[in-house]
Amino acid sequence: VVIGNAATAKIKGVEAEVLYRPLEGLDLNAGYSWLNTEFTDFAGGATANYTGNRLPRAPTSKVNLGAQYQWPVGDLGVLLARVDWTYQSKIYFEASNTPLEVQKGYDVLDARLALRAPDNSWEVALWGKNLGDELIKTHIVAFAPFQQELVTYQPPRTWGISVWFRH
C-alpha cells in the first residue's frame, strides 16, 4: 500500500440559496454552488505528482430547484405536493483525475405527494426518488492496467409509501 499526501490545494467557491413564497401555500427554493479546486503542490515520493489536478469529489457546479404547494382538503387535512430537481457537474474520485475514476454530470428528479391530518397527528405520503433512473456512481476502484473498475451506485428509481403517526 502506498499512501501520499497533497501538500497544498487552492479552493475558491460561491454558494447562494433563495426561498420565495409568491402566494400562500406555495414555496419555491433554488440553490447554486460553484467550486474551483486545484492541487497547487502534491507531495512527491512514492506517488505521482498531481499538481494542477482537481480535488476528488468536488463538482464545479451544483444546482437545485424545488417547489412545494399545500392546500386544505376539507376535513381530511392538508394535501402537499413537492418536486425537487438537482444537477451536479462531473467529479473525479481520485487525485489522479483519470477518466476511469469519474462520475459525469447528472440530473436527479424527486417528487412527493402527501396527505396530512388537520392536527398534524398523521401523514400518508407517496414518494419517488431518482425518477429519471440516473446511474450515479458513489465510489470507484479502478484497475488501470486492465481498464477495469469496481463501482458502487446510488439507488435506481425508487418509489414508496410512508406513513407516520404522532401521539
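**Salt bridges and a surface patch**

A: R82 is partly exposed, with a relative accessible area of 24%. This is a predicted model.

Q: What does the side chain of R82 meet in a salt bridge?
A: The partner is D84, with N and O 2.9 Å apart. D84 is partly exposed, and its relative accessible area is 24%.

Q: How many salt bridges does the count come to?
A: Five salt bridges.

Q: Which residue does E123 pair with?
A: E123 forms a salt bridge with R112, and their closest N and O atoms are 2.4 Å apart. This pair links distant parts of the chain, since E123 is in strand 8 and R112 is in strand 7 (residues 106-116), eleven residues apart.

Q: Is E123 buried or exposed?
A: E123 is buried, at 2% relative accessible area. R112 is partly exposed, at 33%.

Q: Which residues are linked in a network of salt bridges?
A: R112, R116 and E123.

Q: And what about K137, which residue is its partner?
A: K137 forms a salt bridge with E149, the closest N and O atoms being 3.7 Å apart. K137 lies in strand 9 (residues 137-143) and E149 in strand 10 (residues 148-153), so the pair ties together parts twelve residues apart in sequence.

Q: Changing topic: which residues form the nonpolar patch on the surface?
A: L113, V124, L126, W159, I161, V163 and F165, with about 760 Å² of accessible area together. Strand 8 (122-129) and strand 11 (158-165) are the elements that give two or more residues to the patch.

Q: Which strand gives the most?
A: Strand 11, with four residues.

Technical notes. Residues are numbered from 1 along each chain as its sequence is written. This is a predicted model: local features need pLDDT of at least 70, side-chain atom pairs count only at pLDDT 80 or more; totals for chains, interfaces and linings use all residues. Side-chain values use heavy atoms; hydrogens and water are left out. Patches are made of residues with over 30% relative accessible area and no salt bridge: like charges are joined within 9 Å, nonpolar side chains (Val, Leu, Ile, Met, Phe, Trp, Tyr) within 5 Å. Accessible areas come from the Shrake-Rupley method with a 1.4 Å probe; for residues, only the protein chains shown count as cover. A salt bridge is a side-chain nitrogen of Lys or Arg within 4 Å of a carboxyl oxygen of Asp or Glu. Buried means under 20% relative accessible area, exposed over 50%, partly exposed in between (1.4 Å probe, protein chains only).
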